[in-house]
Amino acid sequence: MVEIGFGALGVAVFAVLLAWWSRAAQKGRLPRNWILGYRSRLTMRDTRAWREVNAATSLPLAIAATGAAVGAVVAVIIAVTGSAVSAAGALGLGLVWALAWVLGGFVPAHRVARRLARTTRPRP
């Protein structure tokens, strides 16, 4: 049970990080960096592109954060009322959900990046 509590705490911290990332990307406040965000040649050299492309990831990141948080809460509830194995499954499901949405969030970001690359490309 204690292990589930620590695992749930870790997943909850991950959910908070995802929520911050989503909010910062949505508001255009995500600083250009080498860890979080959609990085390409275009986004790393153009501030407007960085903001717009990363803003496209904000909804999938919010969904990822919500899934991770729900997984952590459900895992604790199941651990207290039921079996640790089921609680671990809920925790794992919350993590898989979050990671899938984080990776899936790069699809709309890529679309925005391609659109911006076409519009900023010099014409021959």
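Which residues does Ser 22 touch, not counting residues up to four places away in sequence? Select Ser 22 and look around: its partners are Ser 58, Leu 61 and Ala 62, where contact means heavy atoms within 4.5 Å.

Before going on, a word about what is on your screen. This is a predicted model, in which local features need pLDDT of at least 70 and side-chain atom pairs count only at pLDDT 80 or more, while totals for chains, interfaces and linings use all residues. Residues are numbered from 1 along each chain as its sequence is written, and side-chain values use heavy atoms, with hydrogens and water left out.

**Stop 1: Ser 22 and its helix**

Ser 22 sits in helix α1; helices here are DSSP runs (H or I, at least four residues), numbered from the N terminus. Because its relative accessibility is 7%, Ser 22 counts as buried (buried means under 20% relative accessible area, with a 1.4 Å probe and protein chains only).

**Stop 2: α1 against α4**

Now select residues 2-27 (α1) and 58-81 (α4): their axes come within 8 Å and cross at roughly 160°. Axes are lines fitted to C-alpha atoms, for helices over the stretch in contact, and angles run from 0 to 180 degrees between N-to-C directions. The two helices are therefore roughly antiparallel, a label for angles over 145 degrees. Among the α1 residues that meet α4 are Ile 4, Val 11, Phe 14, Leu 18 and Trp 21, and the α4 side includes Leu 61, Ala 65, Ala 72 and Val 76. By class, this contact has 20 nonpolar, three polar and no charged residues.

**Stop 3: the cores**

Next, pick Leu 18, Trp 21, Leu 91 and Val 102, which touch the most other members of the largest nonpolar core, a group of 22 residues. Such a core is a set of buried Ala, Val, Leu, Ile, Met, Phe, Trp, Tyr and Cys residues joined through side-chain atoms within 4.5 Å. Helices α1, α4 and α5 (84-104) each supply at least two residues of this core. A second, separate core of nine residues includes Tyr 38, Leu 42, Ala 49 and Leu 116.

Keep Leu 91 selected: setting aside neighbours within four places in sequence, Leu 91 is in contact with Ile 4, Gly 7, Ala 8, Val 11, Gly 71, Ala 72 and Ala 75.

**Stop 4: α5 and α6**

Finally, show α5 with α6 (residues 106-120), whose axes come within 5 Å and cross at roughly 10°. That makes the pair roughly parallel, the term for angles under 35 degrees. Val 102, Leu 103 and Gly 104 of α5 make the contact with Phe 106, Val 107 and Pro 108 of α6.

Key
Parallel < 35°, antiparallel > 145°, perpendicular 65-115°, else oblique. Nonpolar A, V, L, I, M, F, W, Y, C, P; charged D, E, K, R; others polar. Buried < 20%, exposed > 50% of the residue type's maximum accessible area, 1.4 Å probe, protein only.
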